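I opened my notebook for a friendly look around this one. Here is the structure, and below it are my entries.

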Amino acid sequence: MTDGAASTGRARVFSGMQPSGAVHLGNLLGALTGWVTLQKDADCVYSIVDLHAITAPDDHDPALLRQRTLDLAAALLGVGVDPSRSTLFVQSHVREHAELAWLFNCVATFGELGRMPQFKDKSAGRDASVSVGLFDYPVLQTADILLYHATKVPVGEDQRHHIELARDIGQRFNHRFGEVFTLPTAILPPVAARVMDLQEPTRKMSKSASSEKGVVFVLDEPDAIAAKFRSAVTDSDGKVRVDRAAKPGVTNLLEILAATTSRTVEQAADEHAGSGYGALKTAVAEAVIPFLEPMRARSLELAADQAELERILADGAARAREVAAPTLERARLAMGLLPPA
Ligand code: TYM
């Protein structure tokens with residue numbers, strides 16, 4: 001892999017996902033569909049961000065983390081990340097991420113990190129007991145992106161603030177120490193940038209939901225998917241139409257239907273305008289099940305070959321390092337750190 005986008009004429013893309021649980025429909029429609037599509041025209045670097053996953057100490061089980069890291073590799077390949085075109089690696093295998101995060105720690109401010117909405121959510125009511133890592137999480141994310149000179153970062157809506165912060169930190173660094181970093185832009189999907197929980201449609205679908213009933217996983221069996229959509233929470237108005245504020249459940253179903261059938265949400269709503277909610281739920285399940293089935297089959301097949309997964313990840317880390325190491329070196333020099341003799 002060559003240094004930056006300029007030398008290949010192709011845009012550089014970076015994105016990451018935490019190995020903190022099974023991949024769900026929110027991850028898939030919010031981010032992974034973009035990861036897969038962008039591979040056609042861009043030079044893509046995708047990371048399993050295990051150093052981010054350990055910022056939530058309550059949930060830190062070392063054996064489970066190792067397993068989830070491999071499972072996520074299988075899932076990413078299963079949904080269509082192609083290691084012959086893109087670089088797929090585990091974040092902690094490329095030490096430059098942690099080191100650049102330290103340099104950025106000395107550029108980012110306490111105030112801007114304290115204002116990050118995700119930190120506020122995750123630390124609410126337990127300020128003193130959350131890890132410093134959780135507070136610092138967006139700085140490590142900034143290092144992830146800026147190490148590779150990425151211009152495009154495909155993510156779901158919840159990551160928008162983190163990408164803006166990465167721009168701010170990169171810009172501040174360049175201003176103080178000279179042009180080292182390229183400033184990234186978030187790429188959000190046109191529909192389903194924020195997939196909601198089927199049981200609690202005012203909350204986003206999440207790996208850490210209190211119940212799995214509202215979360216559709218890529219590895220769910222077809223019957224389980226149908227049952228989850230059948231019991232999706234809607235409203236008592238009875239009309240199929242888009243209104244995120246007043247009708248979050250129905251709007252979420254329409255967005256999922258649109259995203260899995262390559263239509264706009266308005267088209268999906270028009271087609272179901274006269275239907276009851278039962279028929280809408282059936283239509284969504286019938287769209288989602290065949291959409292996920294090939295991904296599920298490929299993920300399970302790949303998960304069974306650990307040696308092959310490890311080979312792909314080792315190759316990815318070596319390719320990632322080729323870009324990350326010189327970028328870090330430039331940042332160190334720009335800041336005035338004495339090169340080792
Ligand atoms: P993570 O692991 O929580 O989620 C991975 C991706 O899935 C998207 N996503 C959703 N999109 C739509 N609806 C939802 N309900 C939903 N839930 C999750 C997220 O927006 C994300 O794109 N901080 C990142 C990981 C990260 C990263 C990076 C991303 C670390 N370094 C550098 C981009 C670039 C995160 O927690 O993702």
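I began with Ser 262, which is exposed, with a relative accessible area of 73%. My cut-offs are under 20% relative accessible area for buried, over 50% for exposed and partly exposed in between, with a 1.4 Å probe and protein chains only. I was looking at a predicted model, where local features need pLDDT of at least 70, side-chain atom pairs count only at pLDDT 80 or more, and totals for chains, interfaces and linings use all residues. Residues are numbered from 1 along each chain as its sequence is written, and side-chain values use heavy atoms, with hydrogens and water left out.

I found Ser 262 in the loop between helix H11 (248-260) and helix H12 (265-271). Helices (H or I, at least four residues) and strands (E, at least two) are DSSP runs, numbered from the N terminus. The phi of Ser 262 is near 50 degrees, a positive value in a residue other than glycine. I noted it because most residues other than glycine have a negative phi.

I then looked up His 149, whose phi is near 55 degrees, also a positive value in a residue other than glycine. His 149 sits in the loop between H8 and strand S4 (152-154).

**Entry: the ligand**

Which residues come nearest to the ligand? I listed Gln 18, Tyr 137, Asp 144, Asp 158 and Val 195, out of 27 residues around it. Here a residue is near if one of its heavy atoms lies within 4 Å of the molecule or strand. By class, I have 11 nonpolar, 11 polar and five charged residues in the shell. Ala, Val, Leu, Ile, Met, Phe, Trp, Tyr, Cys and Pro count as nonpolar, Asp, Glu, Lys and Arg as charged, and the others, Gly among them, as polar.

Next I looked up polar contacts (pairs of N or O atoms within 3.5 Å; within protein, one must be able to donate a hydrogen and the other to accept it, and residues adjacent in sequence count only if both atoms are side-chain atoms). A side-chain N or O atom of Tyr 137 is 2.6 Å from a ligand oxygen atom. Gly 156 has a backbone N or O atom 2.9 Å from an oxygen atom of the ligand, and Gly 26 has one 3.1 Å from a ligand nitrogen atom. The ligand exposes 710 Å² when taken alone, and the protein buries 96% of that; these areas come from the Shrake-Rupley method with a 1.4 Å probe, and for residues only the protein chains shown count as cover. Strand S1 (12-17), helix H2 (25-38) and helix H8 (132-146) are the elements that give two or more residues to the shell.

**Entry: two histidines**

I found His 52 in helix H3 (residues 50-53), buried at a relative accessible area of 1%. The side chain of His 52 reaches the backbone oxygen of Tyr 137 at 3.1 Å. Leaving out residues up to four places away in sequence, His 52 touches Gln 18, Gln 91, Tyr 137, Leu 140, Gln 141 and Asp 144, where contact means heavy atoms within 4.5 Å.

His 24 lies in the loop between S1 and H2 and is buried too, at 4%.

**Entry: cysteines**

How many disulfides are there in the whole structure? My search found zero, taking a disulfide as a pair of cysteine sulfur atoms within 2.5 Å. Cys 44 is buried at 0% relative accessibility, and Cys 106 is partly exposed at 48%.
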